[in-house]
Amino acid sequence: MEDFGSTRFIQIDSEQVTGAQMVLTTVYDALLQKGYNPVNQIVGYIMSGDPTFITSYNGARSLIMKVERDELVEELLRAYIANKHWDQV
């Protein structure tokens, strides 16, 4: 039986975060250039894992599939926290 009474910790490589940031930037730009709403499409991909949410333009689809979806969520959350200045608390 799993212990739900304690908090688990995870350590993330800064190299992975940099990769996720680059992938998100490239994919965002490709979606925008093709006329898609990048936020909706990236959320669709993250939630479903279905790569057809991402355009193949400029290799965006194959690029995003090289990064784990949880790494993408971590990068998005990290950027959101930094933007809200919560990391200074």
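Guide: Let's start with V43, which sits in helix α2; helices here are DSSP runs of H or I with at least four residues, strands are E runs of at least two, and both are numbered from the N terminus. This is a predicted model, where local features need pLDDT of at least 70, side-chain atom pairs count only at pLDDT 80 or more, and totals for chains, interfaces and linings use all residues. Residues are numbered from 1 along each chain as its sequence is written, and side-chain values use heavy atoms, with hydrogens and water left out.

Visitor: Why is V43 called partly exposed?
Guide: Buried means under 20% relative accessible area, exposed means over 50%, and partly exposed is in between (1.4 Å probe, protein chains only). V43 has 45%, so partly exposed is the label.

Visitor: What does I54 touch?
Guide: Contact means heavy atoms within 4.5 Å. Not counting residues up to four places away in sequence, I54 touches V27, L31, Q41, I42, Y45, A60, R61 and I64. I54 and I42 are 12 residues apart in sequence, and their C-alpha atoms are 7.0 Å apart in space.

Visitor: And N58, buried or exposed?
Guide: N58 has 54% relative accessible area, so N58 is exposed. N58 is in the loop between α2 and α3 too, and has a positive phi of about 55° although it is not a glycine.

Visitor: Which residues of α4 are buried?
Guide: They are E71, L72, E74 and E75. They cover an arc of only 160° around the axis, so they lie on the same side of α4; the arc is that of the directions from the helix axis to the C-beta atoms.

Visitor: What makes H85 partly exposed?
Guide: H85 has 48% relative accessibility, so H85 counts as partly exposed. H85 is in the segment after α4, and its phi is positive, about 65°, although H85 is not a glycine.
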